[in-house]
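Please keep the structure open while reading this note. The points below can be checked one at a time against it.

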Amino acid sequence: MKNILVTGGAGFIGSNFVHYMLAHHEDYRIVVYDKLTYAGNLDNLIAVQNDPRYAFVQGDICNREDVESAVRTYDIDTIINFAAETHVDRSIMDPDAFIQTSVYGTYILLEVARSLGLERYHQISTDEVYGHIPMGQSSKETDKVDPRSPYAASKASADLLVNAYFITYDLPVTISRGSNNIGPYQYPEKAVPLFTTNAIDNLPLPVYGDGRQMREYQHVMDHCEAIDLVLHRGTIGEAYNIGTGIEVENLSMIEILLDTLDRPRSLIRHVADRPGHDRRYSLDIAKITALGWEPGHSPEEAIIETVKWYRDNEWWWRKIKSGEFRKYYEAQYGERLRAAAPQ
Ligand code: NAD
Ligand code: TYD
C-alpha cells in the first residue's frame, strides 16, 4: 500500500484523513479524486497543496473512464472511498444524488478495483446503516443493516455491494462504520458546525423535536487514526465499527457548545422534527479496540475542541455561509423557525 486514491478527499473527513496520512506515512502518495460538489472544498487541503506526495484530480466516481485514468496515471494500488452525499436532511428533500453517488459510484469504484487488480478497496460507511437502536442495545458489525433515511439506505446499499464483490470476486475489501464525526472543515449544514457558527452570530439554534436524540460524537482525527489501523491490521472481508461507545443527547452537546462560546441557552429553538428521525445510534466498538485502538478524545473534549476551531477559523466558514448555503438554510429552516416561538 503506497499509492492511495482518496475519493471524496476534499470533503470533511476525507481532507482530515489526507492530513493524517501525509503526517503519519512518509512514503505514501495520496491522490484526492473529488467531484467538488457543494461540500467539496479545496480550502480544506491548502495545508498540503504543495506537498510533492499529494495530487488532486477533479472527477466523478460515477465516471468509469475518469476513475480508471486516475488509477493508471498515479499507479494506484488502494482506493479509499469517502465520496458520498452525506446530509440526511438533503436526502429527505431530494435523494437522487445520494443514490447515484453511493450506489452507482461505489459500483464503478469496485469494478475499477476488480478489473485493474488493486491491492485493496476500503469503504467508509456509517453507524446510520444499523438504523435506530433502542436504549440498552448497541450495534455489532454482524447485525443486519436496517437503514431508515434515503442517506442511510444509500450507504447500506454500498456496503452490500462491497461485501458482494468480496464474496463473488475475492476483491480484498474492508469497511469501516463510523459514528458522527466532528472537527475542522465540516460543512456548516451538520449540527455541530451549524449550531456553533449560528451561536457565534447570536442566531437561533434549530433543535429538532425535543432534542433528546442521541449521537456518538467523535473527533474526526480519532476516526482517521482508526481507519488507518483497519487499513493496516484489519481482516479482509470484514467491517469495523468506529466510535466512542458513549452516546450524548443533542441538548447536552448544545449546552457544552454554548458554554464554550459563553452564549445563552435562550438561543435554543425547538423546531419541527426531521421526518423518520433516528432517535439513537450506539456502536459496540469491541472489535476495533481489540486491534489496539481507543478514542483520543472524550465526547466533551471533542465538542469543545471543535467549537474552538470554528471560533478561531471564521475565514473558513463565513464564505460558505454567505453562498449557496443561504438558499438551503431558508428552504430547510425558514418556516420551521418562524413557527417556533422563542423559548
Ligand atoms: P462531506 O459531505 O463533507 O464530503 C463528501 C465529499 O465527497 C465532498 O468533497 C464531495 O465533493 C465528494 N463527492 C460527492 N459526490 C461525489 C462524486 N460523485 N464523485 C466524487 N466525489 C464526490 O462528507 P463527510 O462528512 O466528509 O463524509 C465522508 C464519508 O464518511 C461519507 O462516505 C460519509 O457517508 C461517511 N461518514 C460520515 C460521517 C460524519 O459524521 N460526517 C460519519 C460516518 C461516516
Ligand atoms: P447531523 O449533524 O445532521 O447528523 P446525523 O443526522 O447524520 O446524525 O445531526 C446530528 C443530530 O442533530 C441529529 O439527531 C439531528 C440533530 N439536528 C438538529 O436537531 N437540528 C439541526 O438543524 C440539525 C442539522 C441536526
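1. Start with the residues around ligand 2, sorted by class: nine are nonpolar, five are polar and six are charged. The model is a predicted one, and every value below is computed from it. The shell of ligand 2 has 20 residues in total, and the closest are Glu128, Pro206, Arg215, Arg274 and Tyr333.

2. Which elements each supply at least two residues of the shell around ligand 2? They are helix α3 (88-93), helix α6 (191-200) and strand β8 (205-208).

3. The polar contacts of ligand 2 involve both backbone and side-chain atoms of the protein. On the backbone side, a polar atom of Ala191 is 2.9 Å from an oxygen atom of the ligand, and a polar atom of Tyr208 is 2.8 Å from an oxygen atom of the ligand. From a side chain, a polar atom of Asn250 lies 2.9 Å from an oxygen atom of ligand 2. Ligand 2 taken alone exposes 510 Å², and the protein buries 97% of that area.

4. Now turn to ligand 1. Around ligand 1 there are 29 residues, and those that come nearest are Ile13, Asp34, Thr86, Tyr151 and Lys155. By class, this shell has 11 nonpolar, 14 polar and four charged residues. Helix α1 (12-24), strand β5 (120-126) and helix α5 (150-169) each supply at least two residues of it. The largest share comes from β5, with three residues.

5. How far is an oxygen atom of ligand 1 from an N or O atom in the side chain of Lys155? The distance is 2.6 Å. Backbone atoms take part as well: an N or O atom of the Ile13 backbone lies 2.7 Å from an oxygen atom of ligand 1, and a polar backbone atom of Thr37 is 3.0 Å from an oxygen atom of ligand 1. Taken alone, ligand 1 exposes 840 Å², of which the protein buries 97%.

6. Return to α6, which was named above as a contributor to the shell of ligand 2. Is this helix enclosed by the rest of the structure or open? Nine of its 10 residues are buried, so α6 is largely enclosed by the rest of the structure. The buried residues run through Val192, Pro193, Leu194, Phe195, Thr196, Thr197, Asn198, Ala199 and Ile200. They pack against β7 (181-182), β8, α8 (250-261), α10, α11 and α12. Just after the helix, Asn202 takes a positive phi of about 55 degrees.

7. Helix α11 (residues 314-321) shows another pattern of burial. Its buried residues are Trp316, Trp317, Ile320 and Lys321. Seen down the axis of α11, these residues fall within an arc of 105 degrees, so they line one face of the helix. They pack against α6, α10 (299-312) and α12 (325-339).

8. Thr306 is found in helix α10. Is Thr306 buried or exposed? Its relative accessibility is 1%, and buried means under 20%, so Thr306 counts as buried. A polar atom of its side chain lies 3.4 Å from the backbone nitrogen of Gly183. Leaving aside neighbours within four places in sequence, Thr306 is in contact with Ile182, Gly183, Val192 and His219. One of these, Val192, is among the buried residues of α6.

9. Phe166 lies in helix α5, an element that also supplies residues to the shell around ligand 1. At 22% relative accessibility, Phe166 counts as partly exposed. Not counting residues up to four places away in sequence, Phe166 touches Leu171, Val173, Ile236 and Gly237. Phe166 and Glu238 are 72 residues apart in sequence and 9.4 Å apart in space, C-alpha to C-alpha.

10. The last point concerns a loop residue. Leu291 lies in the loop between α9 (286-289) and α10. At 15% relative accessibility, Leu291 counts as buried. Apart from its neighbours within four places in sequence, Leu291 is in contact with Leu229, Arg233, Gly234 and Tyr240. Leu291 and Thr106 are 185 residues apart in sequence, and their C-alpha atoms are 27 Å apart in space.

Conventions
Residues are numbered from 1 along each chain as its sequence is written. Chains are lettered from A and ligands numbered from 1 in the order in which they are written. This is a predicted model: local features need pLDDT of at least 70, side-chain atom pairs count only at pLDDT 80 or more; totals for chains, interfaces and linings use all residues. Side-chain values use heavy atoms; hydrogens and water are left out. A residue is near a molecule or strand if one of its heavy atoms lies within 4 Å of it. A polar contact is a pair of N or O atoms within 3.5 Å; within protein, one must be able to donate a hydrogen and the other to accept it, and residues adjacent in sequence count only if both atoms are side-chain atoms. Accessible areas come from the Shrake-Rupley method with a 1.4 Å probe; for residues, only the protein chains shown count as cover. Helices (H or I, at least four residues) and strands (E, at least two) are DSSP runs, numbered from the N terminus. Ala, Val, Leu, Ile, Met, Phe, Trp, Tyr, Cys and Pro count as nonpolar, Asp, Glu, Lys and Arg as charged, and the others, Gly among them, as polar. Buried means under 20% relative accessible area, exposed over 50%, partly exposed in between (1.4 Å probe, protein chains only). The arc is that of the directions from the helix axis to the C-beta atoms. Contact means heavy atoms within 4.5 Å.
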